[in-house]
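I opened my notebook to get to know a structure that was new to me. Here is what I looked up, one entry at a time.

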Amino acid sequence: MTTLVFGHKSPDTDSTGSPIIWAWYLNEIKGVEAKPVLLGEPNTEAAFMLTRWSLDKPEIIADVTDGQACVVVDTNNPAELPANINGADVREIIDHHKLVGGLETAGPIDITIRPLACTATIMVDKIGNDYSKMPDAIKGAALTCILSDTLEFRSPTTTDHDRAVAEKLAADLDINIADYSADMFAAKSDVSAFSDADLLRMDSKEYGVGDTKFRVSVLETTAPATVLDRKDSLMAAMNDVAAEDGVDQVLLFVVDILNEEATLLVPNDLVKTLAKKSFDADADGDTVVLPGIMSRKKQIIPNLAV
């Protein structure tokens, strides 16, 4: 049986590239038949990565069948995985997020969760002495994932090891990190083709605070005005998205990569109160700027309070 390798729903660059990296490793190094798949459409930066390195876009799947062999990467949260994930045969987890719990496996499995900024960094470490066998396209995917998750080393999640691995990959590929990152972020910032609902779901995770369920959405961009110009329609779409997704409120943080700050859209009193309790920010209008806020994992979700 072919082993499926996939990350979380609403796949960002790391959840698109890491399945490709690990499927290559399983196929070419470990001799295990494997296939990367996605749980949704990749974002524009991930699509840029696929084109830049001539990588095939993985098949998008809706669920997994009972007994399907699989490897889960860039998440360990059942809410971000196929509905039947506990019916599948999960054989390995590789992740850099906190342990959530709730996954059931048929037997003991390999689990690697490390406090690094990117799953691809962990994979390069695990590939180890076989690093020299990595084709340029796989190295390029790994570099793109790391630069994306660290926002070119601006994110507080960045570690010295993430930087060192990225710099080695870039040197091997003869890539200028600043120039390549600018191309990546330009691709990420082009969201003109997406509907408001698509933008609210593009890079989002569900998270509960007490009895309140949120969809916490982040849009990282070098051109925040292109998103904020749509704030009225985005806020109008939040109610429908929340109802369809079974949450109480959608939170949208527009992260300005270059100025290293986030703007939170404030559609109602609930979010106004949340901004004050979570970030000590007074929202006088329908947006509030949060200086220094760059990371959902490290700065946004841990601080959410209602």
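**Contacts along the chain.** I began with contacts, meaning heavy atoms within 4.5 Å. Of those between residues at least 6 apart in sequence, 65% join residues at least 24 apart.

**Ground rules.** I noted that this is a predicted model, where local features need pLDDT of at least 70, side-chain atom pairs count only at pLDDT 80 or more, and totals for chains, interfaces and linings use all residues. Residues are numbered from 1 along each chain as its sequence is written, and side-chain values use heavy atoms, with hydrogens and water left out.

**Overall build.** I found eleven helices and eleven strands in the chain; these are DSSP runs numbered from the N terminus, with H or I over at least four residues for helices and E over at least two for strands. The radius of gyration is 19 Å, close to the 19 Å from the globule rule for 306 residues, so the chain is as compact as a globular protein of that length. That radius is taken over C-alpha atoms, and the rule is 2.2 Å times the number of residues to the power 0.38.

The chain exposes about 12700 Å², and carbon and sulfur atoms supply 46% of that; the areas come from the Shrake-Rupley method with a 1.4 Å probe, and for residues only the protein chains shown count as cover.

**Helix α10.** Which residues of α10 are buried? In this helix, residues 269–279, I listed V271, L274, A275, S278 and F279. They cover an arc of only 105° around the axis, which puts them on the same side of α10; the arc is that of the directions from the helix axis to the C-beta atoms. D269 and K277 are exposed on the other side. The buried residues pack against β8 (212–221), β9 (249–256), β10 (261–265), β11 (287–291) and α11 (296–300).

**Two single residues.** I looked up K139 in helix α4 and found this lysine buried, with a relative accessible area of 9%. Leaving out residues up to four places away in sequence, K139 touches Y131, M134, L169, D172 and L173. T150 lies in the loop between α4 (136–149) and α5 (160–173), and T150 is buried too, at 0%.

Conventions
Buried means under 20% relative accessible area, exposed over 50%, partly exposed in between (1.4 Å probe, protein chains only).
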